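Please look through the structure shown here.

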Amino acid sequence: MPRNRHKRAWRTAGLALLSTLLLAGCSRAEIEDNLRFGWPTGITDQAEQMRLLWSWSCVAALAVGCLVWGLTFWASAFHRKKNDELPRQTAYNLPLEVVYTAFPFVAIAILFYYTIVVQNFVTDRTAKPDHSVEVTAYKWNWQFQYDDTTDTNTSEMVKTTGTTDEIPVLVLPAGSKIKFSVHSQDVVHSFWIPEFLYKLDVIPHGFNKDGTLTDPQGQGTNQFIVDIKKGTEGAYVGRCAELCGVYHAQMNFELRVVAPDKYDEYVKARESGKSNSEALKSIGEAPYATSTHPFNPQRTAHNNW
Ligand SMILES: [Cu+2]
């Protein structure tokens with residue numbers, strides 16, 4: 001192909017690319033949204049780190065894709081069969097072979113490295129949390145115990161227990177580090193708040209024949225820590241993510257993220273003996289779950305949980 005035709009083809013391709021970018025383009029929010037590449041929005045620092053890993057992996061995959069598409073386009077555009085003469089035959093290009101063997105290894109090594117870094121961040125349990133919550137799962141509900149609280153009437157820690165009529169609402173402050181210790185009273189459940197982009201198996205303690213725990217040291221307790229971001233106040237549904245029996249699908253709870261000063265007020269209200277709904281009401285929050293509702297056992301009812 002003559003030189004100026006080459007040039008023209010490249011210019012046309014460049015213009016097409018530029019106008020696509022300009023036409024697709026977009027406000028900052030839209031660009032950011034596109035860079036999520038379909039990744040859901042989380043409310044924790046851990047979720048954000050996972051999102052970054054995903055976004056950069058997609059960018060890397062697109063870069064490789066563009067290279068492959070470019071070479072495909074280049075080969076089909078500029079190396080079409082022009083006559084019956086056989087083109088120059090080449091083989092055993094050692095430098096090229098080294099490059100295309102080494103490049104995938106380097107790409108995989110980089111992806112592997114960042115995956116491990118993010119995984120270690122997400123599963124890290126060494127940080128000192130601001131608050132700790134004991135989560136107990138049982139067929140088919142949840143109990144949340146706030147470790148750093150004392151109910152003045154019972155001298156026990158403040159607990160919120162779900163019932164058939166009332167979804168348990170777990171109240172936590174925005175902008176804080178929370179440690180969850182999850183255990184089960186019966187079968188395996190799974191603690192899942194979709195906005196954490198994380199779920200953790202809730203496993204039971206084993207029992208000896210005399211009813212004592214097989215491992216009182218705490219095997220049977222899984223733990224994880226999340227940093228709930230600032231400005232994430234709201235109601236988020238929580239679910240059981242492990243098929244655990246007949247009413248597994250109704251084993252819901254709600255995470256209510258509130259401002260830190262409201263959280264302190266809430267805890268004070270609970271410590272003074274107020275019920276969960278009374279305490280929520282006293283800080284100006286909806287007293288009951290808003291993201292999900294109790295299961296209606298009527299068979300004809302349209303359940304929409
Ligand atoms: Cu369950």
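In this predicted model, the axes of helix 3 and helix 4 (residues 94–123) cross at roughly 170 degrees and come within 9 Å of each other. Angles over 145 degrees count as roughly antiparallel, and helix 3 and helix 4 are therefore roughly antiparallel to each other. On the side of helix 3, the contact is made by Asp 45, Gln 46, Gln 49, Met 50, Leu 53, Ser 57 and Val 64. Helix 4 contributes Phe 103, Leu 111, Tyr 114, Thr 115, Val 118, Phe 121 and Val 122.

Helix 3 itself covers residues 45–78, which makes 34 residues. From its first C-alpha to its last, helix 3 reaches 48 Å, close to the 50 Å expected at 1.5 Å a residue. The buried residues of helix 3 include Gln 46 and Met 50, and both of these also belong to the contact with helix 4. Also buried in helix 3 are Ala 47, Arg 51, Ser 55, Cys 58, Gly 65, Ala 77 and Phe 78.

The metal site comes next. Which residues coordinate the copper ion? The donors are His 189 through ND1, Cys 240 and Cys 244 through SG, and Met 251 through SD, at 2.0 to 2.7 Å. In sequence these donor residues follow the spacing H-x50-C-x3-C-x6-M. The angles among the 4 donor atoms are 91 to 125 degrees, and the site of the copper ion is tetrahedral.

Cys 240 has 6% relative accessibility, so Cys 240 counts as buried. Cys 244 is buried as well, with a relative accessible area of 7%.

Key. Residues are numbered from 1 along each chain as its sequence is written. This is a predicted model: local features need pLDDT of at least 70, side-chain atom pairs count only at pLDDT 80 or more; totals for chains, interfaces and linings use all residues. Side-chain values use heavy atoms; hydrogens and water are left out. Helices (H or I, at least four residues) and strands (E, at least two) are DSSP runs, numbered from the N terminus. The expected span of a helix is 1.5 Å times one less than its number of residues. Buried means under 20% relative accessible area, exposed over 50%, partly exposed in between (1.4 Å probe, protein chains only). Donors are N, O and S atoms within 2.8 Å of the metal (3.2 Å for Na, K and Ca); water is not among the atoms, so sites may look incomplete. Four donors count as tetrahedral if all angles lie between 85 and 135 degrees; four count as square planar and six as octahedral if opposite donors are over 155 degrees apart and all others between 65 and 115; anything else is irregular. Axes are lines fitted to C-alpha atoms, for helices over the stretch in contact, and angles run from 0 to 180 degrees between N-to-C directions. Angles under 35 degrees count as roughly parallel, over 145 as roughly antiparallel, 65 to 115 as roughly perpendicular and the rest as oblique. Contact means heavy atoms within 4.5 Å.
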